[in-house]
Amino acid sequence: MPQKSAGTLATDPAATPTIKPPRRPAGTLYRGREGMWSWVLHRITGVAIYFFLLVHILDTALVRLSPEAYNAVINTYKTPIMGLGEIGLVAAIGLHALNGLRIILIDFWSVGTKHQRLMFWIVIGLWLVLLAGFIPRQLMHVFGGE
């Protein structure tokens, strides 16, 4: 076996240092887990609700400009496509509201950050239960001719 001296390069592969990627910190909120997805969904639903409110204010303002134009816009809202869109709107509002309560608990409850993952799944469960109560009724309204 050749002698290794200070002036020679090491040829032993075990002696070569390996570079490892940094470890991902465990237990952080925004690392691709429930906390991050909650954050993303909260922003998406918030923006969707904002644009709905903008359109709602603009179409309501039409009544002062032209009642005929207002009635035409309102009649387009009575289509099945818009009825399905209302399901999306209610879903966005429900998720945004429940997740907002979760965020309040994380901020103001002393152990909120410890239980944020459980609270995320509770929010999703409650949201699905609420949608299960709303969607059949809305579909009957949209396609049943009520």
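Visitor: Which residues make the nonpolar surface patch?
Guide: In this predicted model, the patch is made by Val47, Tyr50, Phe51, Leu54 and Leu58. Its area is about 510 Å².

Visitor: And where is Tyr50 found?
Guide: Tyr50 lies in helix 1, which covers residues 34-65.

Visitor: At what angle do helix 1 and helix 4 pack?
Guide: About 45°, with the two axes 9 Å apart. Helix 4 spans residues 116-144. The angle makes helix 1 oblique to helix 4.

Visitor: Which residues make that contact?
Guide: Helix 1 contributes Glu34, Gly35 and Ser38. From helix 4 come Gln116, Arg117, Phe120 and Trp121.

Visitor: Is the crossing of helix 1 and helix 4 left-handed or right-handed?
Guide: Left-handed.

Visitor: Switching to charges. How many salt bridges does the structure hold?
Guide: One. Glu34 pairs with Arg117, and their closest N and O atoms are 3.1 Å apart. This pair links distant parts of the chain, with Glu34 in helix 1 and Arg117 in helix 4, 83 residues apart. Both residues also belong to the contact of helix 1 with helix 4.

Visitor: Back to packing. What about helix 3 and helix 4, at what angle do they pack?
Guide: Helix 3, residues 80-108, packs with helix 4 at about 160°, and the axes are 9 Å apart.

Visitor: Left-handed or right-handed, the crossing of helix 3 and helix 4?
Guide: That crossing is right-handed, whereas the crossing of helix 1 and helix 4 is left-handed.

Key:
Residues are numbered from 1 along each chain as its sequence is written. This is a predicted model: local features need pLDDT of at least 70, side-chain atom pairs count only at pLDDT 80 or more; totals for chains, interfaces and linings use all residues. Side-chain values use heavy atoms; hydrogens and water are left out. Patches are made of residues with over 30% relative accessible area and no salt bridge: like charges are joined within 9 Å, nonpolar side chains (Val, Leu, Ile, Met, Phe, Trp, Tyr) within 5 Å. Accessible areas come from the Shrake-Rupley method with a 1.4 Å probe; for residues, only the protein chains shown count as cover. A salt bridge is a side-chain nitrogen of Lys or Arg within 4 Å of a carboxyl oxygen of Asp or Glu. Helices (H or I, at least four residues) and strands (E, at least two) are DSSP runs, numbered from the N terminus. Axes are lines fitted to C-alpha atoms, for helices over the stretch in contact, and angles run from 0 to 180 degrees between N-to-C directions. Angles under 35 degrees count as roughly parallel, over 145 as roughly antiparallel, 65 to 115 as roughly perpendicular and the rest as oblique. A crossing is left-handed if the near helix is turned anticlockwise from the far one by less than a right angle, and right-handed if clockwise. Contact means heavy atoms within 4.5 Å.
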